[in-house]
Amino acid sequence: MDDTLNWIRKYWLGGILASPEPAYELLDDYWENFWNPKGRRLEFIQQRIAKKFASVYREVEEYEPKNRHEKIALLILYYFLSPFVYPTEEATAFLYQERGLKIARQLIMNQQDINRGPIHYLILVCTCLARSEYLLDLDNAYRIVVCLMWPDSQGDETEDEILEKKILREKQFSTYESEKHLKEEGVKIPLVLERLGLMIRKQIRKVQLFNRDPDQNFTRGRLCTKAELAYLGIISHVN
């Protein structure tokens, strides 16, 4: 099982794992071209992933992960890979993504795991939580993303010490004030964090407006309200 989980982790994170402190340029590249592919690239990656991982789900069905690395591997398999493996079976992919969401919650509630990073693990966890229908999940994820937006201090601190300082510094502001403050200070925010922050803010607005995510109604077997149909563009107005 260890080999299988390491293989999953290495496949999805690739060159990121080769560097103890991956540059945001590399994370931006993965975000744009591998984790969120479009067009022909999407078709190509989808075919590759479906062939490689279709048989793995049965293998790990009853497995309980022993550490955060194994949890991240299962999160990748369940949340990120399942839409590629089951592109025409949305309900199946959705059930696996729900499993990934549970793992993300476990990781984010473990303060030691959060403080230790690494950054790419935190990005994966927050990306997963960005589709949650619970405001607590979304607030926790957005707070971590904003923490990562703070620029690294100059010095000999370890990555753990830098992240801990960012968390303490972020607590000086409310979450939304923090991002506004950073932009006013002219801080260059990495693309992956900017896109992820936007995803979470959009999800927060949907959940605040509807107490759920209308985009998930079909896969959850729920009927849409008139307001949700209008939001989704299925009807043009609400009577």
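User: Where is the place of Asn 211?
Analyst: The model is predicted: local features need pLDDT of at least 70, side-chain atom pairs count only at pLDDT 80 or more, and totals for chains, interfaces and linings use all residues. Residues are numbered from 1 along each chain as its sequence is written, and side-chain values use heavy atoms, with hydrogens and water left out. Helices (H or I, at least four residues) and strands (E, at least two) are DSSP runs, numbered from the N terminus. On that numbering, Asn 211 sits in the loop between H12 and helix H13 (217-220).

User: Is Asn 211 buried or exposed?
Analyst: A residue is buried under 20% relative accessible area, exposed over 50%, and partly exposed in between (1.4 Å probe, protein chains only). The relative accessible area of Asn 211 is 67%, so Asn 211 counts as exposed.

User: What is the phi of Asn 211?
Analyst: Most residues other than glycine have a negative phi. Asn 211 is not a glycine, yet its phi is positive, near 65 degrees.

User: How far apart in space are Gln 216 and Glu 133, C-alpha to C-alpha?
Analyst: Gln 216 is in the loop between H12 and H13. With a relative accessible area of 5%, Gln 216 is buried. Gln 216 and Glu 133 are 83 residues apart in sequence, while their C-alpha atoms are separated by 9.2 Å.

User: How many helices does the protein have?
Analyst: From the N terminus on, the elements run α-α-α-α-α-α-α-α-α-α-α-α-α-α. The protein has zero strands, and its number of helices is 14.

User: How many of the residues of H5 are buried?
Analyst: Ala 73 is in helix H5, and its relative accessibility is 0%, so Ala 73 counts as buried. H5 as a whole is mostly covered, with a buried count of 16 of its 18 residues.

User: Which residues are the closest to the centre of the largest pocket?
Analyst: On a 1 Å grid over the protein atoms alone, a pocket is an open set of points where a 1.4 Å probe fits, with protein on both sides within 12 Å along at least five of seven lines; lining residues have an atom within 4 Å of a point. The largest pocket has a volume of about 870 Å³. It is lined by 29 residues, and the closest to its centre are Asn 36, Tyr 79, Pro 83, Gln 97 and Arg 131.

User: Which helices each supply at least two residues of the lining of the largest pocket?
Analyst: The lining has 15 nonpolar, six polar and eight charged residues. Here Ala, Val, Leu, Ile, Met, Phe, Trp, Tyr, Cys and Pro count as nonpolar, Asp, Glu, Lys and Arg as charged, and the others, Gly among them, as polar. The helices that each supply at least two lining residues are H2 (24-35), H3 (39-53), H5 (68-85), H6 (90-109) and H12 (191-210).

User: How many disulfides does the count come to?
Analyst: A disulfide is a pair of cysteine sulfur atoms within 2.5 Å. By this rule the count is zero.

User: How far away is the cysteine sulfur nearest to Cys 128?
Analyst: Cys 128 is buried, because its relative accessibility is 0%. Cys 128 is in no disulfide, and the nearest cysteine sulfur, that of Cys 126, lies at 9.8 Å.

Key: Grid points are joined across faces, edges and corners, and a volume is the space filled by probe spheres set on the points.
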